[in-house]
There are 4 protein chains.
Amino acid sequence: MNTGRLEAFSDGVMAVLITIMVLELKPPHGTDWAALEPLTPLFLTYVLSFVFLGIYWNNHHHLLHATHRINGAILWANLHLLFWLSLVPFITGWMGENHFAALPTASYGVVMLCAGVAYYILQTTIIRADPHSTLAAAVGNDLKGKISPVLYLAAIPLAFVHQLIADAIYVFIACMWLIPDRRIESRLNRDERV
Amino acid sequence: MNTGRLEAFSDGVMAVLITIMVLELKPPHGTDWAALEPLTPLFLTYVLSFVFLGIYWNNHHHLLHATHRINGAILWANLHLLFWLSLVPFITGWMGENHFAALPTASYGVVMLCAGVAYYILQTTIIRADPHSTLAAAVGNDLKGKISPVLYLAAIPLAFVHQLIADAIYVFIACMWLIPDRRIESRLNRDERV
Amino acid sequence: MNTGRLEAFSDGVMAVLITIMVLELKPPHGTDWAALEPLTPLFLTYVLSFVFLGIYWNNHHHLLHATHRINGAILWANLHLLFWLSLVPFITGWMGENHFAALPTASYGVVMLCAGVAYYILQTTIIRADPHSTLAAAVGNDLKGKISPVLYLAAIPLAFVHQLIADAIYVFIACMWLIPDRRIESRLNRDERV
Amino acid sequence: MNTGRLEAFSDGVMAVLITIMVLELKPPHGTDWAALEPLTPLFLTYVLSFVFLGIYWNNHHHLLHATHRINGAILWANLHLLFWLSLVPFITGWMGENHFAALPTASYGVVMLCAGVAYYILQTTIIRADPHSTLAAAVGNDLKGKISPVLYLAAIPLAFVHQLIADAIYVFIACMWLIPDRRIESRLNRDERV
């Protein structure tokens, strides 16, 4: 079984998620600057979630590009990742509308942590199905993948100290991941050259 | 006519369905644990429906992977399946918001039963179009496909005795199907080896 | 330029349309049979629109299957068709919620008539780009394509006499089209055999 | 890395955007002509945004058709374009519901200007990755691409003089772009002939 339809379905789900999030941004009733002001935190949360979903799509793209064999376990590991990502619009809306509250901010970290763990499970499942693949070698020392959960685990309780600390950590993680996964990319290029 | 565009359209519909369901999960107005509590049954129903749609996508993936010829009857049998699946977000929202009521819980079973029957019709239509296919041999004794409708037929009246009995049956069916359809998968692998 | 991406985009739009329509079906607040009763006309309209969108997808599938060359005019004729189809969820909601009123019922016919005209323009544009194609021969005497607009033109004023007359005509047109376009299908099969 | 999955994801996002916009068009409660009247400006704004998204899809189609190599920078330039396009349903709803107000009308221009700049960045990133491509030669003197931002920059302050001036400029830009990008198309045909 090849990766074609798995990629198509994942692309479909991620494309819908990244766009229905905008439905949380409801057009205000007023028409002056004051009407836009309460939307600012929601808009900033939307930008953050858009970037996070973009990062997942990019990394998912690289991950499956280096994969050749699909089995039932990989299908379910992929659906598990999509499940946590599907909660992003909900948690974005809750955090965006309650940006001064600790619990929504901490919950955002919980959903992101679970999505990160699900991504790690998917990666491990793929490597287990084909241990001698390019991917197995490329993710050898997955530094960013190891730091992110630690940062989320720190951000979740810190949201109860002050939600801005957690927000700053989320923005930091997004910036860290914005740099695409050059390990896989460069390894793939090297293999193709060989 | 090959299966490419039928798969693409079905993937599109199922990807949208599995993600718009989350729109039923509306961000609460409060920001404490008490605000999340009323969402719990809706969230659990969401998880159940996500798993059911995931099962349908997985099985649909296996079914069409073993199919090579498409005709008008298969196109309509497929749309008929998508119709019943399209009611899942509606019925999830109704059951999730009224988890102590019998009728929404029983209706969930009715929609799932109809989707199961529609899947059976699709499978039969595909086999009739190509009776000597791998698929025809693989689904020879479709045990899970025969037990599921019996279980739904039991769950629907039992929801009026106590809705938790029906809920338990739905969870049991989901768990039973979570194991991917190894019959088709193993048969395909065997044929490819030969 | 080949038809691949045009089909993918059209499939995407039609897959989203056929599924977001269900968002008009809002879960009722009550939990007894009486709560479902007001949903009945909306549900029946939903079924009708689902069938109409299914017909358009099926015919679009056949139409582009017989097409090999795409130009700018075809891209825009296709977007024009998608525009009218995009109004189907809106008009379904309006007619479904006001099933005893003449104007929503007549408007449903107007949107369907415009979609039909847009499909005819798309078909003509494709044939003009490649006049010696299989398609040009296959649609030689397009009986259903000629009857449908006449029926819609009759249904629109008749909705103001009694909306049930218009409803009956819409159901009749849907039934007429449910039979897939065997002209193109059989002609394609014949050509492939030759 | 080839363009296949980038096109599929972009098609998915644009297909969802062009269709969820219709969710801003809520079925009115009344059933007479008076009930439709307040929807008129929203409907006209919907048509305008549909055309703009159609133009972006068409041009994106031509752009990636002339592209053969994808890298991380192109992936992010593409996501940046999709981000601005994702705000179109929001801004369409706000401008459509407040068509006599200056700020929503000006904001529409801001979103469109940003989308135009993002498209320019994507085009430049693609050319930089492959400077000897067909695309680099074809967009040599990109007249429409240079006029559009100037027109948007004029429309934004003019919305505060009278919103109809800005509306007229938006309609003019849409009409200007409706003519597909024949430069790339004709250059591609010429190259294929050679």
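A disulfide is here a pair of cysteine sulfur atoms within 2.5 Å. By that test the whole structure, over all chains, holds 0 disulfides. The structure is a predicted model, in which local features need pLDDT of at least 70, side-chain atom pairs count only at pLDDT 80 or more, and totals for chains, interfaces and linings use all residues. Residues are numbered from 1 along each chain as its sequence is written, chains are lettered from A and ligands numbered from 1 in the order in which they are written, and side-chain values use heavy atoms, with hydrogens and water left out.

Two cysteines show how the search came out. The closest cysteine sulfur to that of Cys175(B) belongs to Cys114(A) and is 19 Å away, which is too far for a bond. For Cys175(C) the closest cysteine sulfur is in Cys114(B), and at 19 Å that pair is also too far apart for a bond. Accessibility is sorted by relative accessible area: buried means under 20%, exposed over 50%, and partly exposed in between, using a 1.4 Å probe and protein chains only. Cys175(B), with a relative accessible area of 44%, is partly exposed. Cys175(C) counts as partly exposed at 44% relative accessibility.

Chain A gives the overall fold. Helices (H or I, at least four residues) and strands (E, at least two) are DSSP runs numbered from the N terminus. Chain A has 10 helices and 0 strands, and its pattern along the sequence is α-α-α-α-α-α-α-α-α-α. Of its 194 residues, 59% count as buried. Contact means heavy atoms within 4.5 Å. Among the contacts in chain A with a separation of 6 or more, 81% are between residues 24 or more positions apart.

Two packed helices are described by the angle between their axes and the distance between the axes. The axes are lines fitted to C-alpha atoms, for helices over the stretch in contact, and the angles run from 0 to 180 degrees between N-to-C directions. Angles under 35 degrees count as roughly parallel, over 145 as roughly antiparallel, 65 to 115 as roughly perpendicular and the rest as oblique. In chain A, helix 1 (residues 4-20) and helix 3 (residues 40-65) pack at about 175° with their axes 10 Å apart. Helix 1 of chain A is therefore roughly antiparallel to helix 3 of chain A. Helix 1 of chain A contributes residues including Leu6(A), Met14(A) and Ile18(A), and helix 3 of chain A contributes residues including Phe50(A), Trp57(A) and Leu64(A). For residue classes, Ala, Val, Leu, Ile, Met, Phe, Trp, Tyr, Cys and Pro count as nonpolar, Asp, Glu, Lys and Arg as charged, and the others, Gly among them, as polar. The contact of helix 1 with helix 3 in chain A divides into 10 nonpolar, 4 polar and 2 charged residues.

Chain C supplies a pair with another orientation. Helix 3 (residues 40-65) of chain C and helix 6 (residues 102-129) of chain C pack at about 5°, their axes 12 Å apart. That angle makes helix 3 of chain C roughly parallel to helix 6 of chain C. Among the residues that meet are Phe52(C), Tyr56(C) and Leu63(C) in helix 3 of chain C and Met112(C), Tyr119(C) and Ile126(C) in helix 6 of chain C. By class, this contact has 11 nonpolar, 6 polar and no charged residues.

Two residues of chain B can be followed individually. Tyr119(B) lies in helix 6 (residues 102-129) of chain B and counts as buried at 10% relative accessibility. Leaving aside neighbours within four places in sequence, Tyr119(B) contacts Tyr56(B), Asn59(B), His60(B), Leu63(B) and Leu81(B). Leu82(B) is 37 residues from Tyr119(B) in sequence, with a C-alpha to C-alpha distance of 9.3 Å. Gln163(B) is in helix 9 (residues 163-178) of chain B and is buried, with 9% relative accessibility. With neighbours within four places in sequence again set aside, Gln163(B) is in contact with His99(B), Phe100(B), Ala101(B) and Thr105(B).

The last topic is how the chains are related. Copies are superposed by least squares on the C-alpha atoms of residues with pLDDT of at least 70 in both. Chain D is laid on chain C by a turn of 90° and a shift of 0.0 Å along the axis, with an RMSD of 0.0 Å. Here too the copies use different surfaces, as 5% of the contact residues of chain D recur in chain C.
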